[in-house]
Amino acid sequence: MTTVAVCGGGIGGLATAIALRKFGLDVTVYEQTRQFARVGADINLTPNAVRALDGLGVGPAIRDSAARPQFRISRTWDTGAETSRLPMGDSAEQQYGAPQLTMHRGDLMTALENRLPSGTVEMGRRVGGIVDGRIEFTDGSTASVDVIVGADGIHSAVRTALLGPDQPTFTGVVAFRAVVPADRVGTVPNLDCFTKWWGPDSATQIVTFPLNQGKDIFVFATCGQEEWTEESWTTPGSVTELRELYRHFHPEARALLDACDDVLKSALYVRDPLASWTDGRSVLLGDAAHPMMPFMAQGAGMAIEDAVVLARCLSLFDDPAVALQTYQETRLERTSRIQRGSRSNEWLKVAGNGDWVYEYDAWQVPLELAAARAGA
């Protein structure tokens, strides 16, 4: 039986472990933190991601805690004019076979953790390097397996071991994130929807959507800034700065900012799509393979899709090198297209067609052509 080590116990890593176990494969997840914590805030799961999660058996759990935005609305920053309204909720489920769900990242992590038996995840295991197909941890221990999966995020040690260090490019855009109770802004319309306020330039926007079955509202705002040094999602920001930057926005948008008690601020960096994710025994997944800007809300979705397709490939082929190459051939074009598209912040600005993103089914996408290209 093929043995697999998944480096990284985030959304992509845990989804990969669940998918591999579904096909009867032997998998261990190595996570660098000592314990899982309820970090982060939002996760926006579009129908393609929810469909993939349904196949992992976590659909009921995530529906219990998530909100279901009824529409995806675009509004103009100053006048408040509505430029598009895309039905989601039940309409999305009828069209794509799954709804859009918005939820706290911690609730998704809990749902994934609960699908794995005790002992699958080993905590406090930080990857230091990979030598001759063997994982070397910073505590001096090692692990030898047939396949190493780098699901260890934007600062991936596995990617560095495969490809060397990289230098991400600062986009000149920073992001603010906050969560506010819905009852503080009850007079603002469409709180049960995903609403995007398009700003006066491509860097500036405010996005809001419900969390926690609608009890909370997530606020995500971006704008241009010339300099920044830290690539992190957990840097404290200034509520005063946030309100000042968007002081000319429509009053309904500003009302949400006025309700914020605290905010996190982060810089947005980009990396170009990689030409290859694998060396035959090791492979990259999720942000380690294709980190992307948040403007299409597909970062987590792409990691979950990766997990399903990788598990399918490893279950079909006895030769891990063929399986990993087939996975790469299946996923590379789609993720590269979304990675590039996420940079422009033009996604669904006016009524458009999101079908090519939302209708993708990682459980059904054909593997035969990719396998032929991989030499299977």
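Tutor: Two strands pair if DSSP finds at least two bridges between them. The model is a predicted one.

Student: How many bridges join strand E2 to E7?

Tutor: E2 covers residues 26-31 and runs parallel to E7. One of the bridge partners is known by residue: Val29 goes with Val121 in E7. Pairing needs at least two bridges, and the number joining E2 to E7 is three.

Student: Which strands stand at the edges of the open sheet, and why is one side of each left without a neighbour?

Tutor: The sheet has five strands in parallel pairing, in the order E7-E2-E1-E11-E18. From one strand to the next, the twist averages 20°. Each edge strand has a single partner, so one of its sides has no neighbour in the sheet. The edge strands are E7 (121-123) and E18 (282-284).

Student: Which strands does helix H1 lie across?

Tutor: H1 spans residues 11-22 and runs at about 170° to E2. The strands that H1 lies across are E1 (3-7), E2 and E7.

Student: At what angle does H10 run to E18?

Tutor: H10 lies across E11 (147-150) as well as E18. Its angle to E18 is about 15°.

Student: Is H9 roughly parallel or antiparallel to H10?

Tutor: The axes of H9 (residues 299-316) and H10 (residues 320-341) come within 8 Å and cross at roughly 160°. Angles over 145 degrees count as roughly antiparallel. Therefore the orientation of H9 to H10 is roughly antiparallel.

Student: What is the handedness of the crossing where H9 passes H10?

Tutor: Among the residues in contact, Met302 and Leu310 belong to H9, and Tyr327 and Ile338 to H10. The contact residues divide into nine nonpolar, three polar and four charged. The crossing of H9 with H10 is right-handed.

Terms used. Residues are numbered from 1 along each chain as its sequence is written. This is a predicted model: local features need pLDDT of at least 70, side-chain atom pairs count only at pLDDT 80 or more; totals for chains, interfaces and linings use all residues. Side-chain values use heavy atoms; hydrogens and water are left out. Axes are lines fitted to C-alpha atoms, for helices over the stretch in contact, and angles run from 0 to 180 degrees between N-to-C directions. Helices (H or I, at least four residues) and strands (E, at least two) are DSSP runs, numbered from the N terminus. Angles under 35 degrees count as roughly parallel, over 145 as roughly antiparallel, 65 to 115 as roughly perpendicular and the rest as oblique. A crossing is left-handed if the near helix is turned anticlockwise from the far one by less than a right angle, and right-handed if clockwise. Contact means heavy atoms within 4.5 Å. Ala, Val, Leu, Ile, Met, Phe, Trp, Tyr, Cys and Pro count as nonpolar, Asp, Glu, Lys and Arg as charged, and the others, Gly among them, as polar.
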